Amino acid sequence: MTIDEFDAVVARRLERVKHTLVVKGREYQRGDDRLSNFKNSGATLRSTPEDALLGQWAKHVTSIVDLVQDLRAGKVATRATWDEKLGDAINYLILLEGLTFDRLDDSVREVGV
């Protein structure tokens, strides 16, 4: 893969991430809290929002591991399948970043910093 081809992969992925997390992501929130689904899921599971997210993220990572194992065995998934699975895993890591920053911001406010 050339540098230009790789740069195109990065640009395309960033556009898809932005579309999914900013535009489509509004479907998953309640009120003004973009991360409400994970907070509600964590509460339902008597856990944390981060744990709820990691449980869902693990499903996506497991799918990627399956794709890699299939690839090793000569079974090649479509580009669309790879695109979806890799995008999901990337998006969940960005959502985790949002959750942790939200928690850090809350703890900073609590101690008055």
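This is a predicted model: local features need pLDDT of at least 70, side-chain atom pairs count only at pLDDT 80 or more; totals for chains, interfaces and linings use all residues.
1. Helix H3 covers residues 49-72, and its buried residues are Pro49, Glu50, Ala52, Leu53, His60, Ile64 and Leu67. Just after H3, Gly74 takes a positive phi of about 90°.

2. The next point concerns the packing of H3 with helix H2, which is made up of residues 36-44. The axes of H2 and H3 are 7 Å apart, and the two helices pack at an angle of about 100°. Because angles of 65 to 115 degrees count as roughly perpendicular, H2 is described as roughly perpendicular to H3.

3. Which residues in H2 and H3 meet? From H2 come Phe38, Lys39, Ser41 and Gly42, while H3 supplies Pro49, Ala52, Leu53 and Gln56. The residues of this contact divide into 4 nonpolar, 3 polar and 1 charged. Pro49, Ala52 and Leu53, which take part in the contact, are also among the buried residues of H3.

4. Arg46 has a positive phi of about 55° although it is not a glycine, and with a relative accessibility of 82% it counts as exposed.

5. Thr48 also lies in the loop between H2 and H3, and at 28% relative accessibility it counts as partly exposed. Leaving out residues up to four places away in sequence, Thr48 touches Gly42 and Arg103. The C-alpha atoms of Thr48 and Phe38 are separated by 8.2 Å, and these two residues are 10 residues apart along the chain.

6. How many aromatic pairs does a search of the whole structure find? The search finds 1 aromatic pair, and the partners are Phe38 and Tyr92, whose rings are edge-to-face, with 5.9 Å from centre to centre and 80° between the planes. Since Phe38 lies in helix H2 and Tyr92 in helix H4, the pair ties together parts that are 54 residues apart in sequence. Both Phe38 and Tyr92 are buried, and Phe38 is also one of the H2 residues that meet H3.

7. Helix H4 runs over residues 79-111, and Asn91 has its place in this helix. Is Asn91 buried or exposed? With a relative accessible area of 6%, Asn91 is buried, because buried means under 20% relative accessible area. Once neighbours within four places in sequence are set aside, Asn91 is in contact with Val17, Thr20 and Leu21.

8. Gly98 is also placed in helix H4, and its relative accessible area of 26% makes it partly exposed. Although Gly98 and Leu35 are 63 residues apart along the chain, their C-alpha atoms are separated by 7.7 Å.

Definitions and conventions:
Residues are numbered from 1 along each chain as its sequence is written. Side-chain values use heavy atoms; hydrogens and water are left out. Axes are lines fitted to C-alpha atoms, for helices over the stretch in contact, and angles run from 0 to 180 degrees between N-to-C directions. Helices (H or I, at least four residues) and strands (E, at least two) are DSSP runs, numbered from the N terminus. Angles under 35 degrees count as roughly parallel, over 145 as roughly antiparallel, 65 to 115 as roughly perpendicular and the rest as oblique. Contact means heavy atoms within 4.5 Å. Ala, Val, Leu, Ile, Met, Phe, Trp, Tyr, Cys and Pro count as nonpolar, Asp, Glu, Lys and Arg as charged, and the others, Gly among them, as polar. Buried means under 20% relative accessible area, exposed over 50%, partly exposed in between (1.4 Å probe, protein chains only). Rings of Phe, Tyr and Trp (its six-membered ring) pair if their centres lie within 6.5 Å; planes under 30 degrees apart count as stacked, over 60 as edge-to-face and the rest as tilted.
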